[in-house]
Amino acid sequence: MPRSVSPVPDDEVLSGRKWAKQVLDPWNSLILTLDGGGIRGYSSLLILQRLMHEIAVWEQRLEEEQGGSAEPREFKEQDLLPCHYFDYMYGTSTGGLIATMLGRLRMSVPQCLEIYRQVGENLFGHRRSIIPLTTKYHHKPLEKAVREIVRTNCPIDGPDCSGEDWYPWTIDDTADPPFPSQENNKHNGLCQSICLTATHNGRIDEAYLLRTYDHRYVDRPNWITPYNEGADKLRIWEVTRATSAAPFYFKILEADIAGEVRRFKDGGIRENNPSGAAWSEFVSLHGGDPDATPALLLSVGTGRPDQSQDGFAAAWPGPFGESKLVKKAAEKFAVFKNVLIKYTEGEDQHKAMVEMAAKGEHKWYKRLNVSEGLENMKLDSWQKGLWKNPVTGLEEVVHGGATLTKMEAATEAYLGRELDNRFDTYAPPRTMLAQAAEILVRHRRARELTNSERWNNHMGRHLAAGQQSTET
């Protein structure tokens, strides 16, 4: 298909420029959602790394414009925390792991990139089984890795953290069942994380949400999806295991929830793109007000899949290609392959968000997803090859190097390309990224000017001493 390139619209509204400058209410919701995609979640983090770069640029620009006579502060992108800019982070599968690290553990993007590279080697560098339709990898390394991540990045207990922290910010053990206390709870002002998983709860067509905060449906309009209520008492490592228990990759998680044993699977089998869940939650929190919209809902994918055949088999070359038996087998394989693609794709949900919820991407809803280059990369791809370490600058052959290099190249090309009408609705990725960064910075700075208790809570100033050394 020939590439169709068009300029960004000159109109202030259609180009998104008017929206990016507006702060109607400093505390309007800022939401980040992260698709599942196994190792391809590394691409999502690279997109977020560029977002934090753009945020640093806008912080510095507005600091110099609005600083007055005071000495302008310096904003370094490696020190900025996404949890200071977003109120909610939703994630499915490894997107849930990233949302947990950035939101619940309040980590930086460079920290997450380094950990993701380590986890990739620990999880996908050693197969448990090569027998088809059996669990390919041991789940213990994943549990051990997340426990260590929690232990070394715990925002509440600091150096005394054991790695067994609960996922909800606050647990009220006197309640039946236990749930986060809402009264005088400073943790309510913090960035909240929500992981999508799947469990057998009588509603097999919907995901199950594991939240860091308590949520109850009140005055819910009939047209939004009602997910489960509350916040389950699970540990952080249990939640990440639950959301990433991909069928045939990791064992199902079994956990005791208020005296009932539940079995959790990867949320991708329900909703791999959590933007719809985030929208439903937002609407329910605002009582179904048709005029209420988030300040930003930024959806980040893990690369578009190859859907050129869309479940139909391509013609097989050679004399056997016309055989009825070969054609029948090829069609069955194509359907099975298409099922796997649907399991990890998020573009159908994106289309629904653009057409039905946001009415375009030039305002509060935006989607960033590598359009070309990752179509055929498997969830557990971990190929040895040449890779350049961004910290040391050294280039060498390492385990997973070819996989990392391919994702870095594809993501860089995506973020640098021009508008392409095959994929983009109004602007190239770099424009959407810059506009998202601008609206995030303008809201953070407007919140800071309130100098309120809510602002201090949002920045986490009541958490363990030293954990928030990077706060602005």
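Two strands are taken to pair if DSSP finds at least two bridges between them, strands being DSSP runs of E with at least two residues and helices runs of H or I with at least four, both numbered from the N terminus. The structure is a predicted model, in which local features need pLDDT of at least 70 and side-chain atom pairs count only at pLDDT 80 or more, whereas totals for chains, interfaces and linings use all residues. Residues are numbered from 1 along each chain as its sequence is written, and side-chain values use heavy atoms, with hydrogens and water left out.

Strand β6 (residues 260-266) runs antiparallel to strand β3 (residues 192-199), to which three bridges join it; within this pairing, A198 has K265 of β6 as its bridge partner. Strand β5 (residues 253-257) is also antiparallel to β6, through five bridges, and E254 is partnered by R263 of β6. A hairpin is formed by β5 and β6, with two residues between them, and A258 in the turn has a positive phi of about 55°.

The largest nonpolar core comprises 105 residues. Such a core is a set of buried Ala, Val, Leu, Ile, Met, Phe, Trp, Tyr and Cys residues joined through side-chain atoms within 4.5 Å, where buried denotes under 20% relative accessible area (1.4 Å probe, protein chains only). The residues with the most contacts inside this core are L48, L51, I55, F86, F264, L296 and L440. Helix α2 (residues 41-66) supplies the largest share of the core, eleven residues. With neighbours within four places in sequence set aside, F86 is in contact (heavy atoms within 4.5 Å) with residues including L51, C191, L296, L440 and H458.

Note on methods: Buried means under 20% relative accessible area, exposed over 50%, partly exposed in between (1.4 Å probe, protein chains only).
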